[in-house]
Amino acid sequence: VICLQSYVRRWLAQEAVEQLKKERTRRLAWFEMQDRRCKEEKEEQLRDRRNRWMNPQSREDFSLLYHALEKWRTEEEQQINSTLRGAERKVALCSLVEQEMQLIAAIGRHQINVEANNHDKIVRNFLNKSAAPHQWESANGRLLEMDTAEDIRARELEELYNEISLYTVDKQQRLTFLKKLKNNVKEHECQLVWDIIDLIDREIDLMSREIKEHNLEGLRKRICTLFLQYIKTPAFNPKVAKLLKVYKKPSELKHKMFFCHGCHRYLCSADFGSCASGRRSHWCRNCTRLDNIARSRDEDSVYKSILRRLRTDEHRLKTESTIPFLLQVSTAFTLCM
């Protein structure tokens, strides 16, 4: 019996040791996978940050550029103050201010070009949504589409806008597009339609006088702008009524409009952010962003990434905590500072 007990204890000890070795191996593999994942995520973040520096497209990207500019200016100013004195220091600071002005102007020019491209994308997406047919899923899983009279009208206006916004076509095609637009809009009588027809007649007259193409760009942009306003009018394009934000009752409007102490305008409540205390800010988002660019030039994309990871972990753990989902990026940045 003692001999059998010794063999059984030996076998149980070997099994326990093997289990500990497997758990150790699995634990080391998990640590290695976590380290590798952290390194890959860090490299991905660095690549993304470098790409945002080289090719900024959003407001957050430009905030990153202004933050980098402020960091560079602070380092240069500290170096000048620590190494130079007297007149040489003043000359170096003036040169630093001129360099900062040139960089701000370059960033502003690039931002204007990006905003123009983004505006075109927003207009195209709006037109595509307004011209999209009605879709629903049938009982057997097939996607069904149906065009109504409103969809056909919206698609026709979209095609007209795409044609009228082409500036590189020849003279004959341009005249055809203008006449087609004129015949389409003159069905209604209002001041907007009369303005569009007046601009069309003016462009046709200038084209008959052999005016150069680059001198007509401003007039053509005005025609596109007025025609886009025509498309966004529900009386002329009923499909856009569902896409526009319209307040049905004036009584509801007064409870959602607030005064901005920065731009001195009355704006919707969605245009205002919240402070760390939870109260509504007295400055709208545009004024806050402009003040950040002009003064502190802070950048909160790091806190946004941290908050996104925290929300992902909370959602994965399925906890009852709602604080990460109520917390905003600006509030988290203020608390961390």
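This briefing walks through the salt bridges and one surface patch of the structure above. The model is predicted, so some care was taken: local features need pLDDT of at least 70, side-chain atom pairs count only at pLDDT 80 or more, and totals for chains, interfaces and linings use all residues. Residues are numbered from 1 along each chain as its sequence is written, and side-chain values use heavy atoms, with hydrogens and water left out.

**Salt bridges overall**

- Side chains of opposite charge can pair when their charged atoms come close.
- The structure holds 21 salt bridges, each being a side-chain nitrogen of Lys or Arg within 4 Å of a carboxyl oxygen of Asp or Glu.

**Arg297 and Glu100**

- Arg297 pairs with Glu100 in a salt bridge whose closest N and O atoms are 2.9 Å apart.
- This pair links distant parts of the chain, 197 residues apart: Arg297 sits in the loop between α9 (285-294) and α10 (301-317), and Glu100 in helix α3 (residues 87-131). Helices here are DSSP runs (H or I, at least four residues), numbered from the N terminus.
- Arg297 counts as buried because its relative accessibility is 6%, and Glu100 counts as buried at 12%. Buried means under 20% relative accessible area, exposed means over 50%, and partly exposed lies in between (1.4 Å probe, protein chains only).

**Lys239 and Asp151**

- Another salt bridge joins Lys239 to Asp151, with the closest N and O atoms 2.6 Å apart.
- Lys239 lies in the loop between α7 (217-231) and α8 (250-253) and Asp151 in helix α4 (residues 149-164), so the pair ties together parts 88 residues apart in sequence.
- Lys239 is buried, with a relative accessible area of 10%, and Asp151 is buried at 0%.

**Lys180 and Glu163**

- Lys180 forms a salt bridge with Glu163, and their closest N and O atoms are 3.6 Å apart.
- Lys180 belongs to helix α5 (residues 171-185) and Glu163 to helix α4, and the two are 17 residues apart.
- With a relative accessible area of 41%, Lys180 is partly exposed.

**A nonpolar patch on the surface**

- Leu28, Trp30, Phe31 and Met33 form a nonpolar patch, with about 380 Å² of accessible area together. Areas come from the Shrake-Rupley method with a 1.4 Å probe, and for residues only the protein chains shown count as cover.
- Patch residues have over 30% relative accessible area and no salt bridge; nonpolar side chains (Val, Leu, Ile, Met, Phe, Trp, Tyr) are joined within 5 Å, like charges within 9 Å.
- Leu28 is found in helix α1 (residues 2-54), and Leu28 counts as partly exposed because its relative accessibility is 44%.
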